[in-house]
Amino acid sequence: MPLASSTTSNRAPWRIGQRALFLLLGASLLVLMYLSLALGYRLYAPTEIWGALTAFDGSETDVVIRDLRLPRALMAPMVGAALGIAGVLVQTLARNRIASPDTLGLNAGAAFAVVMASGIFGVASLPGLSVAAAAGALGTSFIVFGLAAAAGGISPLRIVLVGVTFAGLFDSFVNVVLTVNETMLDQLLFWLAGSFADRKIELALNGLPFVLVGGVLAFSLARSLDILQTDDSTARGLGVPLGVVRGLSFVSVALLSGAAVAMAGPVLFVGLVVPHAARALVGLDHRLQIVAAALVGALYTTLADIVARFVIYPREAPVGAITAIVGGCLLLVLLRRRAA
Amino acid sequence: MDKAISVRALTVAYGATTALDSVDLGIPKGKITVLAGPNGCGKSTLLRAIRRLHQPKSGDIHLGDVPISGLKEKELARHIGLLAQNPSAPDDMSVEELVRLGRYPHQTMLQPWSAADGEAIQAAMFGTGVSHLADRRLGSLSGGQLQRVWIAMVLAQETDVICLDEPVNHLDMAHQIDCLDLVTRLNREHGRTVVLVLHDLNLAARYADRLVFMKGGGLVAEGEPDTLMSEALIEDVFGISCRVIVDPVHQRPLCIPIRNSTPRFRPEQTA
């Protein structure tokens, strides 16, 4: 019989090393948010940015910084954090690490709702479309999880199959409608591609409470989510009320991905890739995973938003395309490393 | 005889199918009780019902004097631990992370981690001989090691009663003995009440203090293996003619199957 190593688990062993990591991620995020204000078609000096934020005088520089740059410097990290946390939750709920708000059809459902709102109810304003998008993501999450559960328990495979099916259905429907109706295509393309450009600051402020509530809810479920990584019988044997925890998790996912898609449109691959990076950094403890995913997600989208301004300079690329390209490559690397 | 758990007139149904029909059973405190019987006899259902994973159609289950239907989820999980059949966890979870999950029912939002948790985890890993594997990924373990780790997780839960649902199903002979010896040691040294589902009759006879035979959703007989295991009873329960001799090493009854006495009907083989 081997001797017990007496120190490893007397206390949660992660706190000290992880704290430094989180500080580093947080500091990097602040730097990127500053760069998001400074970099773009025009470059601004720190004094100009400071002036615009503290002593707004209506000059062109101040208008660009306050009304164009600031909303996206705030919105990009919020969307990234929301999608990162939602991704962690979805992957744990589905017990499947290729699950994400994308593969479960939440983005497609949101796009579908936006097209419906625009085509049938004539909604044209961005706030109106945002509400439609959030409702679409929320509705889809209930349909997908509901159908998977009704088909005999939430199995990892079934949930992704149902999700991919609905993603395909909604996508095709959107494509058909937009092919027929070119005016609508012009109106909605800016939203459907996923972007942080030309959003008003109000949109970010409206999204904030949803992201906060969703994030806090997710964090409060962390210990139960740890247990949900095991099979249902084991989880129930440990005293986890499965129905309650899953229900609250869906609410959190719906709030987070709904808010994200409402602000930026579908920003692809963030919810899929970020949880992998978070786990690689901090392991499987969900309290750590959720915080790490929020920070990494925020870093990722903020960086992508800055990169999007330069890849086809002087024009802007849709940020959703950047996150998808980079995210896809990153995922391949992660999968290769895991397989090796 | 002191009862850890009393089952009274318990009926459990899956839709229209009755899995357990009015079962009465007492689980003696501090003993190893083995539920045995052919596939589909309801032994796993009974075990899971004891852990309240099945809602009874009628009847009740008492933990000591308390009906389990009145207990909160975490409260019940502090009294009865369950090692499920074929449990699963992510391959990249570490041994210690898995064992740590066993502390869930003892933790609250305000008191997420205590020194007692750390001690329980250490003791559970030490007691099952997996301390040296603490940082290993589950995916890198052998079947025997993995089963020990799962037992450590249930042990860390520090429950008076431990239910194990076919814990040796996928293990080779050496690891089956290894695993059940471990369970016996936990019972003898820590006084834990153990309820086991086994379908290997000879393992059941060897490890049970009390043996319960089930068939078609009901109890057929219960008692100490030495007096209970008769050729007639085994033919009745398993539908197989056999000889029962005394195992020359352990002095326990040993069943030698001869042939299927009811070849018209064979229970579905899912081993």
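In which sense do strand S3 and strand S8 of chain B pair, and over how many bridges? Strand S3 (residues 32–36) and strand S8 (residues 193–197) of chain B pair in the parallel sense, over four bridges. The model is predicted.

- Six strands of chain B form an open sheet with mixed pairing, in the order S6-S7-S8-S3-S9-S10.
- S6 and strand S10 (218–223) of chain B are the edge strands, since each pairs on one side only.
- On average, neighbouring strands of this sheet are turned by 15° against each other, direction ignored.
- Strands of a sheet pair through backbone hydrogen bonds, in either a parallel or an antiparallel arrangement.
- S6(B) and S7(B) pair in the parallel sense over four bridges, and B:Ile80 has B:Val161 in S7(B) as its bridge partner.
- S7(B) and S8(B) also pair in the parallel sense, over five bridges, with B:Leu164 standing opposite B:Leu196 in S8(B).

**Strand S7 of chain B**

- Five of the five residues of S7(B) are buried, so this strand is largely enclosed by the rest of the structure.
- In a regular strand, the side chains alternate between the two faces of the sheet.
- B:Val161, B:Cys163 and B:Asp165 point one way from S7(B), while B:Ile162 and B:Leu164 point the other way.

**Helices H5 and H6 of chain B**

- Helix H5 (residues 143–156) of chain B lies across S6 and strand S7 (161–165), and runs at about 165° to S6(B).
- Helix H6 (residues 173–190) of chain B has 18 residues, which at 1.5 Å a residue should span 26 Å; the end C-alpha atoms are 26 Å apart, in agreement with this expectation.
- The buried residues of H6(B) include B:Cys179, B:Leu180, B:Val183 and B:Leu186.
- These four residues cover an arc of only 110° around the axis, and therefore lie on the same side of H6(B).
- The buried residues of H6(B) pack against H4, H5, S7, S8 and helix H7 (201–207) of chain B.
- The face of H6(B) turned away from the buried side carries exposed residues, namely B:Met173, B:Ala174, B:Asp181, B:Arg185, B:Arg188 and B:Glu189.
- Just after H6(B), B:Gly191 takes a positive phi of about 65°.

**The buried residue B:Ile234**

- B:Ile234 lies in helix H9 (residues 231–238) of chain B.
- B:Ile234 counts as buried because it has 22 C-beta neighbours inside 10 Å, and the cut-off for a buried residue is 20 or more.
- Leaving aside neighbours within four places in sequence, B:Ile234 is in contact with B:Met229, B:Ile240, B:Cys242, B:Val244 and B:Cys255.
- B:Ile234 and B:Gly37 are 197 residues apart along the chain, and their C-alpha atoms are separated by 9.2 Å.

**Contact between chains A and B**

- In the contact between the chains, 34 residues of chain B meet 27 residues of chain A.
- Helix H2 (73–79), strand S6 (80–83), helix H3 (95–101) and helix H4 (115–127) of chain B each supply at least two residues of the side that touches chain A.
- H4(B) provides the largest share of this side of chain B, with six residues.
- The residues on this side of chain B divide into 20 nonpolar, eight polar and six charged.

Key: Residues numbered from 1 in each chain as written. Chains lettered and ligands numbered in written order. Predicted model: local features only at pLDDT ≥ 70, side-chain atom pairs only at ≥ 80, totals over all residues. Contact = placed C-beta atoms within 7 Å. Nonpolar A, V, L, I, M, F, W, Y, C, P; charged D, E, K, R; others polar. Pairing = 2+ DSSP bridges. Axes fitted to C-alpha atoms, helices over the stretch in contact; angles between N-to-C directions. Expected span 1.5 Å × (residues − 1). Buried ≥ 20, exposed ≤ 12 C-beta atoms within 10 Å, placed from the backbone. Arc of directions from axis to C-beta.
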